[in-house]
Amino acid sequence: MSARSSTPLAVAILGLLLAIVSYGIKDPKIATLVYGSGLISAGFALLHWFMIPQGRKVPPSL
């Protein structure tokens, strides 16, 4: 059995870092945009990581 790819976890960590960085942004609209996009990116990356079983290849069309 091959190990899972660590790319979705790296994307999830980056998304969470964006959410943390958003607290330092002065403009509320930009901060909300960065916060939301960071959490959405992290959520979808973790869903992708959990839904792909070990050893299964994702078709190139996805």
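## Buried residues of α2

Helix α2 buries Ala31, Val34, Gly38, Ala42 and Ala45. Buried means under 20% relative accessible area, exposed over 50%, and partly exposed in between (1.4 Å probe, protein chains only). Residues three or four places apart on an α-helix point the same way, because there are 3.6 residues a turn. The cover over the buried residues of α2 includes α1; contact here means heavy atoms within 4.5 Å.

This is a predicted model, where local features need pLDDT of at least 70, side-chain atom pairs count only at pLDDT 80 or more, and totals for chains, interfaces and linings use all residues. Residues are numbered from 1 along each chain as its sequence is written, and side-chain values use heavy atoms, with hydrogens and water left out.

## Span of α2

α2 has 24 residues. From first C-alpha to last, α2 reaches 34 Å, close to the 34 Å expected at 1.5 Å a residue. The expected span is 1.5 Å times one less than the number of residues. Helices (H or I, at least four residues) and strands (E, at least two) are DSSP runs, numbered from the N terminus.

## Aromatic pairs

How many aromatic pairs does the whole structure hold? The search finds two. Rings of Phe, Tyr and Trp (its six-membered ring) pair if their centres lie within 6.5 Å; planes under 30 degrees apart count as stacked, over 60 as edge-to-face and the rest as tilted.

Tyr23 and Tyr35 pair edge-to-face, at 6.0 Å centre to centre and 70° between the planes. Tyr23 sits in the loop between α1 (7–21) and α2 (28–51) and Tyr35 in α2, so the pair ties together parts twelve residues apart in sequence. Tyr23 is exposed at 66% relative accessible area. Tyr35 is partly exposed at 34%.

Trp49 and Phe50 also pair edge-to-face, because their planes lie at 70°, with ring centres 5.1 Å apart. Phe50 is exposed, at 57% relative accessibility.
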